[in-house]
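Take a look at the model first, and then we can go through it together.

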Amino acid sequence: MNYVRRTVAVTFCIAALGLPTLLNAKNYPAAKALAADLKPLGLTPKADPGGLARVSAQIGKILEHMEKSQATGGPGAESLIKTAYDMFRTEMGPVHRTAAAGALADMWRKATMLGAFDENQKYTGKITIGLDAGQQLIFEYIVPPSVAPAFSRDVANVRLVSTSKKRDDSAPLSAREQAYQGTLKNIEREIDGNKALAKIEDGGPRNSVGQTKEEEMQLWKDEMAKAGPEVQELPDLRVTCRMLASPSNRSGDKWKIGAEVTNLSHHPTEVEIEVAIIGTTDKYRIDYLMGEQKMKLQLRSGQVTDVEFLSALKEGDYNNRTADFEKLEKKKERPRNRTHYRGTIIRIHHPKGIAGMAATDPSLLALFDKEADPSLKDLPKLYADPKTWPALRTDTSSSSSKSTTPK
């Protein structure tokens, strides 16, 4: 009965996640091809006299990418531009990406509606549909460089208009343009913030309150020296864990797990965190270890610490190893084999005992019980050398026979 419930749960998760996965797979190559043309030309201390010509040439190429994808059955133009920014231009902040994608989507819609592409999806800029047929479309700033000089060559500050509707240089900003000026200021603040963060990162990794590892360690040592003998007591810890990312280009095709450990004690402590990442084979539904890690944690009183862990191998490696372990038939079974992540369990050790446990799937905590069948020590370590793997045993008919098949 437990086996049936778990199979349904896995099937449901695959069904629920399958559609976005397929959509991303479809958008990925076209978005990657477009991404190089989306690189920002950069903000300027003062307006660039040739900025509009430079950014107009850039936008023309981008619009042709969008139109070709839309017209030839690829991802929709607006979906393509959003995916390209979000997946491949992550050096840009979210405000900047959103504004640039929105401006390009507006320009593409106008160019398409007015027939400004030829039969080969090349941008001509000539209006062929409607009352303005024969006129030329031109690029102009949304907020003029006299007001926003830093954005004289940025995609996010450009729009497409017909020649007859070009803004008069002496015209005041409309209410909409004034509001958009606020968006540009937010982008500028975002870029300045990213630069400041980069300077901090150049000085070494820091925690959430800006402390280096060395500074954090010194604070812990100072607190330990003041605390006295109570630091030897079993601490009161709260532990949670969750999956941060499934295999993708960003995660190096590995599972990423996050844990949060809070020291609720009135004294500092040092503990060891033990992490076991569990997978389940595709054919026989045998639980196995995708990876194990241990690390020391130094926690001050009241401190909250975030730690991250990656699976030992990439998704494709587990596909191959579980197929080898289950001795799948090469032509029929191996091509259909899939890797299933079941969950992660965490245990925190202290010299006085177990200070905390957590799991993404609470039922997995039973694996920490030494008397359980199987227990954590019984699971095959498929991330390790295949020579160390136990023999495959799937017969559970005999209660006296120990098996790696989950009960």
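By class, the lining of the largest cavity has eight nonpolar, two polar and three charged residues. Here Ala, Val, Leu, Ile, Met, Phe, Trp, Tyr, Cys and Pro count as nonpolar, Asp, Glu, Lys and Arg as charged, and the others, Gly among them, as polar. This is a predicted model, in which local features need pLDDT of at least 70, side-chain atom pairs count only at pLDDT 80 or more, and totals for chains, interfaces and linings use all residues. Residues are numbered from 1 along each chain as its sequence is written, and side-chain values use heavy atoms, without hydrogens and water.

**Cavity**
- Searching the whole structure turns up one cavity of 30 Å³ or more (a set of points on a 1 Å grid over the protein atoms alone where a 1.4 Å probe fits but cannot get out).
- The largest cavity has a volume of about 50 Å³, the space filled by probe spheres set on the points, which are joined across faces, edges and corners.
- Of its 13 lining residues, those closest to the centre are Leu 38, Pro 40, His 96, Asp 154 and Val 155; lining residues have an atom within 4 Å of a point.

**Backbone**
- Most residues other than glycine have a negative phi, and most peptide bonds are trans.
- Gln 121 has a positive phi, near 65°, and is buried at 17% relative accessible area (buried means under 20%, with a 1.4 Å probe and protein chains only).
- Arg 285, also not a glycine, has a positive phi of about 60° and is buried at 8%.
- Asp 373 and Pro 374 are joined by a cis peptide bond, with omega about 0°.

Notes. On a 1 Å grid over the protein atoms alone, a cavity is a set of points where a 1.4 Å probe fits but cannot get out, and a pocket is an open set with protein on both sides within 12 Å along at least five of seven lines; lining residues have an atom within 4 Å of a point. Buried means under 20% relative accessible area, exposed over 50%, partly exposed in between (1.4 Å probe, protein chains only).
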